[in-house]
Amino acid sequence: MAERRSGCPINLAVEVLGDRWSLVVVRDMMFGNRRHFRELLTGSQEGIASNILADRLHRLVAHGLVSRAPDPTHRQKVVYSLTEPAIQLVPVLAHLGAWGRRHLPVSRELAVRAELLERGGPELWDRFMDELREQHLGVSRPPGAGSVFAELRAAYEAELARE
């Protein structure tokens with residue numbers, strides 16, 4: 001790890017997450033359920049280059065935000081998973097999305113999930129984090145818990161169909 005500029009919590013967080021791509025990779029894993037390199041590479045609307053993606057995944061693993069493991073379904077693939085510190089970024093991403101909706105020229109179909117997260121607030125964020133823990137960490141959710149991921153995807157697809 002590189003030497004830290006200071007012990008300020010904001011500075012330290014920016015040193016880990018403040019480059020152009022790290023939060024986009026986390027976003028794609030979180031909201032797009034992309035777990036393989038190829039999915040992350042081809043699924044990003046922003047067009048991340050393969051060498052940049054490889055570097056960001058390496059950095060996210062080194063900082064403990066993402067883990068990597070052999071894919072049990074394919075000997076040559078690796079599965080990436082969010083770790084607990086990355087899952088706890090849900091409120092941060094919800095706030096970033098809300099700020100972006102208010103102050104930047106967003107597209108409606110890409111802003112609809114941010115709107116739902118903002119409206120749902122901490123209760124929805126907690127449910128979504130529980131769902132991510134189940135998907136990425138194997139921690140069971142309470143029985144009968146609905147899928148926040150499915151709600152977000154349905155809202156996005158409905159907005160696409162409306163266009």
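Modeller: His 36 sits in the loop between α2 and α3 (37-43). This is a predicted model, with a mean pLDDT of 93 for the protein and 99% of its residues at 70 or more.

Colleague: Why is His 36 called buried?

Modeller: The relative accessibility of His 36 is 18%. The limit for a buried residue is under 20%, so His 36 counts as buried. Beyond residues up to four places away in sequence, His 36 touches Asp 71, Lys 77, Val 78 and Val 79.

Colleague: Asn 33 is found in the loop between α2 and α3 as well. Is Asn 33 buried, exposed or partly exposed, and what makes it so?

Modeller: Asn 33 has 30% relative accessibility. Buried requires under 20% and exposed over 50%, so Asn 33 counts as partly exposed.

Colleague: What makes α2 a mostly covered helix?

Modeller: In α2, 8 of its 11 residues are buried. These are Ser 22, Val 24, Val 25, Val 26, Asp 28, Met 29, Met 30 and Phe 31.

Colleague: How do you know that α2 and α4 are roughly perpendicular?

Modeller: The two helices pack at an angle of about 80 degrees, with their axes 10 Å apart. Angles of 65 to 115 degrees count as roughly perpendicular, and α2 and α4 are therefore described in that way. On the α2 side the contact is made by Ser 22, Val 25 and Val 26, and on the α4 side by Leu 53, Arg 56, Leu 57, Arg 59 and Leu 60.

Colleague: Which residues of helix α1 are buried, and what covers them?

Modeller: In helix α1 (residues 9-17) the buried residues are Asn 11, Glu 15, Val 16 and Leu 17. Their cover includes α2 and α4.

Colleague: How many aromatic pairs does the structure hold?

Modeller: The structure holds 1 aromatic pair. The rings of Phe 31 and Phe 128 have centres 5.3 Å apart and planes at 25 degrees.

Colleague: Why is the pair of Phe 31 and Phe 128 called stacked?

Modeller: Rings pair if their centres lie within 6.5 Å, and planes under 30 degrees apart count as stacked. With centres 5.3 Å apart and planes at 25 degrees, the rings of Phe 31 and Phe 128 are so classed.

Colleague: Which parts does the pair tie together?

Modeller: Phe 31 lies in helix α2 (residues 22-32) and Phe 128 in helix α7 (residues 108-137), so the pair ties together parts that are 97 residues apart in sequence. Phe 31 is buried, with a relative accessible area of 13%, and Phe 128 is buried at 0%.

Colleague: What makes Arg 113 a residue that lies over the face of Tyr 156?

Modeller: Arg 113 is at 4.4 Å from the ring centre of Tyr 156, and the distance limit for a charge over a ring is within 6 Å.

Colleague: Gly 146 is in the loop between α7 and α8. Why is Gly 146 called partly exposed?

Modeller: Gly 146 has a relative accessible area of 34%. That class lies between the limits of 20% and 50%, so Gly 146 is partly exposed. Leaving aside neighbours within four places in sequence, Gly 146 is in contact with Arg 127, Glu 131 and Arg 141.

Methods: Residues are numbered from 1 along each chain as its sequence is written. This is a predicted model: local features need pLDDT of at least 70, side-chain atom pairs count only at pLDDT 80 or more; totals for chains, interfaces and linings use all residues. Side-chain values use heavy atoms; hydrogens and water are left out. Rings of Phe, Tyr and Trp (its six-membered ring) pair if their centres lie within 6.5 Å; planes under 30 degrees apart count as stacked, over 60 as edge-to-face and the rest as tilted. Helices (H or I, at least four residues) and strands (E, at least two) are DSSP runs, numbered from the N terminus. Buried means under 20% relative accessible area, exposed over 50%, partly exposed in between (1.4 Å probe, protein chains only). A charge sits over a ring if NZ of Lys or CZ of Arg is within 6 Å of the ring centre and within 35 degrees of the ring normal. pLDDT is the predictor's confidence in each residue, from 0 to 100. Contact means heavy atoms within 4.5 Å. Axes are lines fitted to C-alpha atoms, for helices over the stretch in contact, and angles run from 0 to 180 degrees between N-to-C directions. Angles under 35 degrees count as roughly parallel, over 145 as roughly antiparallel, 65 to 115 as roughly perpendicular and the rest as oblique.
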